[in-house]
Amino acid sequence: MVSALEIYQLLPTAACKECGYASCMALAVALLRREKKLDDCPPLFDPKYAEKLNKLKELLAPLEQASETGLIIHAEKCFGCGNCVVACPVNVANDPTGSAVGLGPKSDKVILIVENGIVMCPNPDECRRFGPNKILCNACTATCPSKAIEFV
Amino acid sequence: MLCEDIEVALKVGAIEKSKNLCRKGQGHFQALFTERTVPCIEGIETSEEKAIAKAAEILRDADSPLFYGWSNSSLEAQKTGIELAKKLESKIDDTSSFCQGILLERVLKGTLPSCALDDVRNFADVSVFWGSDPSNSHPRHLSRFSYYPRGSKRQKGYDQDRNCVVIDVRKSSTSKLCSNYLRIPPGSDAELIEALLAIQDGKMPRFGEKKRIIELATILKKAEFGVIFPGLGLIYSLTNKMEIFDGFLAKLNAISNYKVIPMGGHYNTRGFNELMLNETGYINQVSFKNGMHHGPENDVINAAKSCDVCVVVGSDPLSALPFETAHSLAKSKLIAIDPRKSLTTEAASVVIPSAMYGLEAGGTAIRMDGLKISFEPIIESDLLSDEELLRRIIEAV
Amino acid sequence: MEIRDIFQYEVGKKSRFSSEFQGLCAQIIIDKEDMAQLKMNGGQNVWLENDVGKVVVTARRTEDESHPGLGFMTNRLWSNQLVRVDGVGCLIPEFKAIKVRVSGSNKGVTKLSELLERMRR
């Protein structure tokens with residue numbers, strides 16, 4: 001996963017404040033959190049920064065797939081093992097006769113399921129990392145053998 | 001293939017959608033649609049009847065036939081295969097011969113205690129993966145049974161209720177998930193066992209990082225219901241000295257409660273071993289020539305050197321076995337009964353296509369923990385199952 | 001040493017004869033210290049040979065904790081060219097203790113067709 005520092009090193013670092021932030025590092029963090037877009041940095045679109053702009057687009061592309069919770073699934077890495085499905089506390093609470101006991105989900109209110117051999121996230125809104133009372137749950141990332149699940 | 005919660009919708013030539021299939025299972029279902037075998041004699045396509053007739057002709061003339069494979073066939077097919085091997089007074093062996101057989105035999109004869117995978121889910125508080133990497137070999141093992149699910153006595157979740165231990169020579173995918181990972185040098189499992197037993201006797205271990213070994217010994221000792229899942233890493237390390245593991249289990253069970261479930265690689269290895277044990281008193285490596293004999297001369301590695309005909313059922317020994325053995329088999333007359341193309345079917349004198357079990361043909365299998373599971377076909381197929389093909393060959397020889 | 005790999009299994013189920021499957025089988029994962037000794041970074045081809053046989057495979061650098069002197073190959077045709085089988089009485093070949101010499105190679109990875117040909121000779 002890209003870091004704020006890597007993003008910062010590719011910005012013009014003019015500290016022009018056109019993005020609304022006092023420093024380019026603050027913009028870098030906001031880009032990582034998806035609170036700002038690259039369009040919010042006009043100096044970046046000067047032709048002399050074309051290479052850096054392309055690199056930034058490449059680095060930030062995976063974040064566009066991330067859900068509102070910041071969850072990203074790298075399908076090509078997923079084993080389809082179902083560890084995340086079974087370990088997810090929301091899955092367990094909402095699906096006591098399915099995910100909780102190691103079977104495929106029987107409830108529609110689960111966050112994670114395995115479909116076509118890889119994990120999918122049909123209900124990201126139910127995730128504990130989302131919403132006003134969000135907490136830093138990492139049950140799915142901690143149980144993944146291949147880092148197929150990440151959070152932004 | 002033996003997971004009971006799989007849902008699949010198929011369309012022409014592909015899977016439309018599936019649920020609860022791991023990546024391995026997805027691959028298995030996708031195998032329906034690619035590289036399927038056709039009936040062949042010496043590489044030239046023919047009809048199924050002619051291929052069966054040719055196979056029967058070759059077998060009638062054979063001096064020292066060998067029947068090999070079996071782990072990817074149903075119990076019904078395995079039983080028919082044993083009947084055919086008896087009729088032709090041939091040797092018969094399976095993939096467990098150089099694999100999990102050495103442990104499976106102990107489990108089946110009761111010299112190593114075992115249990116059901118559902119018992120693991122319901123009761124196990126310590127799961128030990130010794131020389132095995134289920135994340136790659138049995139992807140749903142941890143989520144369905146051995147670490148992550150709740151069970152009747154394990155209600156609080158894996159982080160409170162269970163310990164997962166991995167003993168391996170490298171940082172495998174499974175070891176990244178378990179807080180109790182012990183890395184040992186290759187081939188040193190016997191020394192580790194000796195060290196653990198020394199600690200049990202109140203002595204300091206003379207192997208590895210002492211603190212880590214003592215921690216491991218403490219975890220093992222405190223288990224209410226421990227299960228060891230040995231893989232090929234342990235088996236190939238101990239090889240013919242498996243009595244070291246027997247002794248370790250016996251001593252461990254004097255102070256704790258441990259079961260063993262060998263990590264069988266194919267879905268019905270145990271089925272063949274159980275049938276053979278009932279039929280002959282041995283799980284594999286049997287010759288039916290002039291009575292019934294058992295011994296290493298009948299295992300595929302040795303028998304390959306002397307067999308003139310080898311019938312391979314649902315297996316690919318030319319890829320899976322050492323070159324010398326594969327070379328010997330390739331020089332014999334190979335009869336391959338297989339739904340899919342492989343190196344073995346490429347080299348075979350006769351190829352007889354078969355239906356894929358669980359997809360195109362139904363049957364029964366015995367899971368690695370001894371549970372008998374029946375499966376029905378999910379699509380119609382004109383292809384005959386291994387059982388039906390072997391029955392036709394019996395009638396023709 | 002042979003290991004199991006889920007991706008190799010999946011691809012093998014779709015096609016045993018594809019270049020993708022060959023690529024996943026005909027490779028050895030080597031520690032970075034050993035790579036440095038071979039003066040390689042990863043992605044180059046190497047000879048693996050012993051008194052049983054020899055093959056050319058691609059060397060990849062490990063992404064995990066170091067394991068100098070130890071290389072890992074997914075279990076298949078290429079690793080089996082090097083596995084010793086002793087005389088009568090041996091039950092289990094040395095799939096996890098394959099001793100080989102490793103050296104750089106300018107040749108392409110040994111093809112599946114060549115290995116099949118070797119078997120038929």
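What share of the 121 residues in chain C is buried? I began with this question, keeping in mind that I am working from a predicted model, and I found that buried residues account for 44% of the 121 residues in chain C.

**Entry on the fold of chain C.** I next went through the secondary structure, where I counted five helices and six strands in chain C, and I noted that, read from the N terminus, its elements follow the order β-α-α-β-α-β-β-β-α-β-α. I then looked up the radius of gyration of chain C, which is 14 Å and close to the 14 Å that the globule rule gives for 121 residues, so I wrote chain C down as being as compact as a globular protein of that length. For the overall dimensions I took the principal axes, along which the C-alpha atoms of chain C fill a box of roughly 40 × 35 × 30 Å.

**Entry on contacts within chain C.** I turned to the contacts between residues at least 6 apart in sequence, and I recorded that 68% of these join residues at least 24 apart.

**Entry on the contact with chain B.** I looked up which residues take part, and the contact draws 36 residues from chain C and 44 residues from chain B.

Key:
Residues are numbered from 1 along each chain as its sequence is written. Chains are lettered from A and ligands numbered from 1 in the order in which they are written. This is a predicted model: local features need pLDDT of at least 70, side-chain atom pairs count only at pLDDT 80 or more; totals for chains, interfaces and linings use all residues. Two residues are in contact if their C-beta atoms, placed from the backbone, lie within 7 Å. Helices (H or I, at least four residues) and strands (E, at least two) are DSSP runs, numbered from the N terminus. The radius of gyration is taken over C-alpha atoms; the globule rule is 2.2 Å times the number of residues to the power 0.38. A residue is buried if 20 or more other C-beta atoms lie within 10 Å of its own, exposed if 12 or fewer, and partly exposed in between; C-beta atoms are placed from the backbone.
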